[in-house]
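Here's a quick briefing to read alongside your structure. Have the model open while you go through it.

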Amino acid sequence: MAGCTGPLSTLDPAGPAAAAVARLWWAMLAGAGLIFALVMICLLLAYRRRTRARGSVGTWVVGLGLVFPTTTLTLLLGYAVLTGERLLPHPGEEVLRLDGTARQWTWSFHYPDGGPAIPDGGPLVIPVGRPVDIHVTSEDVIHSFWIPRLGGKIDALPGHVNVIRLQASEPGRFGAQCAEFCGLGHTQMFFWVDAVPEENFRQRTEAWR
């Protein structure tokens, strides 16, 4: 329960992408809970030797052994696919681009097209209410980019660029972490993300030029 809140909580979303991931988690938890409850009921009935009085063996095998899990898993899979589609970085006019590069054992970020680089050790700054596409890559081994309260995670691969779209719906400071073990300094790859109003965002980025 201690992990349900805090700067690295996936169950305390602060943006639409993270909220979609949290809803998917709750839906899968509910599905798993339902399956678990039915299994426990079946075990209880078997223990009391009342299964024959409640129906034939074929009904139990086909109904609870085939139809129910197939239906439940199909619904959960469909919901997961639709959620994943909505999280893809589709083109948009108001999207801000950031380039992120991972290396053992730090992250560097900059705004392309002549934009400023974020100072080493400084937080990643994004505007509130505006979608941000982060183009992630790596200079050495596989890393993983993850801001739990703003969205899911994506791998940083050497020689390849992956894109993740994030958006903060409220101002605040959020924790971010490499989610892929990448060597002895893996735990050092933590950084902060500051979500600020648009006006403050422009002021801070201009100050870095």
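This is a predicted model: local features need pLDDT of at least 70, side-chain atom pairs count only at pLDDT 80 or more; totals for chains, interfaces and linings use all residues.

Residues are numbered from 1 along each chain as its sequence is written, and side-chain values use heavy atoms, with hydrogens and water left out.

**More on the cysteines**

- By that cut-off the disulfide count is 0.
- Cysteine 178 is buried at 2% relative accessible area, and cysteine 182 is buried at 6% (buried is under 20% relative accessible area, exposed over 50%, partly exposed in between, with a 1.4 Å probe and protein chains only).

**Overall layout**

- The protein chain has 4 helices and 9 strands, taken as DSSP runs numbered from the N terminus (helices are H or I, at least four residues; strands are E, at least two).
- From the N terminus on, the elements go α-α-α-β-β-β-β-β-β-β-β-β-α.
- Of the 209 residues, 34% count as buried.

- Four strands make an open sheet in the order 2-1-4-7, with mixed pairing (two strands pair if DSSP finds at least two bridges between them).
- At the edges are strand 2 (106–110) and strand 7 (162–166), each pairing on one side only.
- Isoleucine 134 stands opposite isoleucine 164 in strand 7.

**Salt bridges**

- The count is 8 salt bridges, each being a side-chain nitrogen of Lys or Arg within 4 Å of a carboxyl oxygen of Asp or Glu.
- Arginine 130 pairs with glutamate 198, with the closest N and O atoms 3.1 Å apart. This pair links distant parts of the chain, 68 residues apart: arginine 130 is in the loop between strand 3 (124–127) and strand 4, and glutamate 198 is in helix 4 (residues 198–207).
- Glutamate 198 also forms a salt bridge with arginine 202 (3.9 Å, N to O); both lie in helix 4, 4 residues apart, about one turn of the helix.
- Arginine 173 and aspartate 194 form a salt bridge at 2.7 Å between the closest N and O atoms. Arginine 173 lies in strand 8 (residues 172–178) and aspartate 194 in strand 9 (residues 190–196), so the pair ties together parts 21 residues apart in sequence.
- Aspartate 194 is buried at 8% relative accessible area, whereas arginine 173 is partly exposed at 44%.
- Asp12, Arg149 and Glu170 are linked in a salt-bridge network.

Conventions: A disulfide is a pair of cysteine sulfur atoms within 2.5 Å.
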